[in-house]
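This briefing is for a reader who is meeting this structure for the first time. Please look at the sequence and the model before reading the points below.

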Amino acid sequence: MNELQLSALLPFIVLAMASVVVILLIAFRLSHTVIQVVGFLMMCLVVFATWYVRDTLPQEIPPLFIVDGQAAVFTGLIIFSVLVIGLFSFIYFEEREENPKEYYILLFLATLGAAILTISQHFISLFIGLELLSVSLYALIAYLRNRNNAVEAGMKYLVLAALSSAFLLFGMALIYMETGSMIFSGIAEKMASVGSSPLFLMGLGTIIVAIGFKLALVPFHLWAADVYQGSPSPVTAFIATISKIGTFAVLLRFAQSIHLQQYQLAVTIFSVIAIASMITGNILALQQRNLKRLLAYSSIAHFGYLLVAFLPGNNAGTEAAIFYLTAYSITLLSAFGVIILLSSREHEADELHTYDGLIWKRPVMGTILAISLLSLAGIPLTAGFLAKFFILSAGVHQSVWLPLIVLVLSSVIGLYYYLRVINTLFSTTVSAEAVPKPVHPFFHISTYITLVIMAGLICWLGIFPSLTLQGIRTFLMLH
């Protein structure tokens, strides 16, 4: 490994060091506040390292990794999300009696797993990243073991994730048996010379099952609602954003490397999964009276939309997918931020009746949640509207008509349950309620400011997307 290759890995080395630093801080019995601040600074250091090494990209570190512009964009999105989730986590766990210090070790290890997925170009690095992410999530989901059905949610995720890993390994074994290679480019070269075979397609199918589980796509979505509801709210936000960003990043690189779109069977399978996810996710969300369960089924539909951008397999589709993930992450983190700030030691603010008249009782929180839901619904002047527009544009160029028609129709269904929640926010006219005095005013004010900034970003991306799109295109050129 030469100096340039080592420098390209610098952000990932710093991210790995973050967990070690937190372990040392715990060993010296330092407070939750110190661990939170040091963790935040370490993540800022990762952002700085990513920016510092951008001129050296792309760099291939054979055989496991490739650090290029696409990986940098996904990694940046992951680090932004974990910075926000880390801030939310302090507010959330400071209100509860459980010792939150070890939580940060697991959080940073899971983030490292997701980041490894963004630079993977080999089955071994894919599996290591996915397992590091999954094993950390088992513990994170069940972290508050005495409440909110956390152990039940952790067990459900454990069993189904183990089954998913078995499918992934079986698929890898079949493809390796057929091609004699585990590196993505090596698989592509072999298949170009001999053509596809039943064994290769079977291996590809079992890998799709494993990826479908991680992205909670239909029909591999059965765990999603129970896990979202039973997990601590910051962990739910992590699963909905970082976990899925890392998984989608490796799926995208695998598809680009082996030219997945040339296999008609694979395209058909992904089209069916996308259509089923859009329809099922939106229909199931209609029935929900619990906001976290509603967002779980909503996320199934959103990743169905995302697959429509994935189907064309061109640069426009990749740009649309990255923009969509950016808009989706900011929007969902804003919504979960409101849930976390409204939750108390006694109860989780996830039941819909909790939000009756919120816009009058807590105007700032109500407005941020309303903006987030409007963006998820794809209403104009929000990031969600332009994100869907770019997906439609990419799909139209490649004439994937059926998924596009389903996307439009299912989005109309989605409008109903988002507007139902917004109607709840405005439902009763009541006087503003007294806000409980926060334990740590500085962190509460920081969280409020962060949520206001993210709500502003949702509107800004919906009106002025050109700067973000230009940044995405610039990084994708480093390929």
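The model is predicted. A search of the whole structure finds six salt bridges, and the count of disulfides comes to zero. A nonpolar surface patch of about 450 Å² is also present.

**Salt bridge between Arg253 and Asp68**

- Arg253 and Asp68 form a salt bridge through their side chains, with an N to O distance of 3.0 Å.
- This pair links distant parts of the chain, the two residues being 185 residues apart.
- Arg253 belongs to helix 11 (residues 233-258), while Asp68 sits in the loop between strand 2 (65-67) and helix 4.

**Salt bridges around Lys156**

- Lys156 forms a salt bridge with Glu152, and their closest N and O atoms are 2.9 Å apart.
- Lys156 and Glu152 are separated by about one helical turn, because they are four residues apart in helix 7 (residues 150-179).
- Glu152, at 41% relative accessibility, counts as partly exposed.
- Lys156 is partly exposed too, with a relative accessible area of 29%.
- The side chain of Lys156 also meets that of Asp226 in a salt bridge, at 2.6 Å from N to O.
- Asp226 is partly exposed, with a relative accessible area of 25%.
- Through shared partners, salt bridges join Glu152, Lys156, Asp226 and Arg293 into one network.

**Ala225 in helix 10**

- Ala225 lies in helix 10 (residues 224-230).
- With a relative accessible area of 2%, Ala225 is buried.
- Neighbours within four places in sequence aside, Ala225 is in contact with Arg293, Ala296 and Tyr297.
- The C-alpha atoms of Ala225 and Arg293 are 4.9 Å apart in space, although the two residues are 68 residues apart in sequence.

**Leu130 in helix 6**

- Leu130 is part of helix 6 (residues 123-141).
- Its relative accessible area is 2%, so Leu130 is buried.
- Which residues does Leu130 contact, leaving aside its neighbours within four places in sequence?
- They are Leu117, Leu168, Lys214 and Thr247.
- Leu117 is 13 residues from Leu130 along the chain, and their C-alpha atoms are separated by 6.9 Å.

**Ser375 in helix 16**

- Ser375 lies in helix 16 (residues 363-377).
- Ser375 is buried, at a relative accessible area of 3%.
- Apart from neighbours within four places in sequence, Ser375 is in contact with Thr331, Thr382, Ala383, Gly384, Phe385 and Ile458.

- Helix 20 (residues 466-476) has buried residues at Thr468, Leu469, Ile472 and Leu476.
- Seen down the helix axis, these buried residues fall within an arc of 100 degrees, so they line one face of helix 20.
- The buried residues of helix 20 pack against helix 4 (69-94), helix 14 (315-342), helix 17 (383-397) and helix 19 (441-463).
- Ser466 and Leu467 are exposed, and they are carried on the face of helix 20 turned away from its buried side.

**Nonpolar surface patch**

- Val20, Leu24, Phe28, Leu30 and Val34 make the nonpolar surface patch of about 450 Å².
- Val20, one of these residues, lies in helix 2 (residues 10-27).
- Val20 has a relative accessibility of 47% and so counts as partly exposed.

**Cysteines**

- How many disulfides are counted? The count is zero.
- Cys44 is partly exposed, with a relative accessible area of 32%.
- Cys459 counts as partly exposed at 26% relative accessibility.

Terms used: Residues are numbered from 1 along each chain as its sequence is written. This is a predicted model: local features need pLDDT of at least 70, side-chain atom pairs count only at pLDDT 80 or more; totals for chains, interfaces and linings use all residues. Side-chain values use heavy atoms; hydrogens and water are left out. Patches are made of residues with over 30% relative accessible area and no salt bridge: like charges are joined within 9 Å, nonpolar side chains (Val, Leu, Ile, Met, Phe, Trp, Tyr) within 5 Å. Accessible areas come from the Shrake-Rupley method with a 1.4 Å probe; for residues, only the protein chains shown count as cover. A salt bridge is a side-chain nitrogen of Lys or Arg within 4 Å of a carboxyl oxygen of Asp or Glu. Buried means under 20% relative accessible area, exposed over 50%, partly exposed in between (1.4 Å probe, protein chains only). The arc is that of the directions from the helix axis to the C-beta atoms. Contact means heavy atoms within 4.5 Å. A disulfide is a pair of cysteine sulfur atoms within 2.5 Å.
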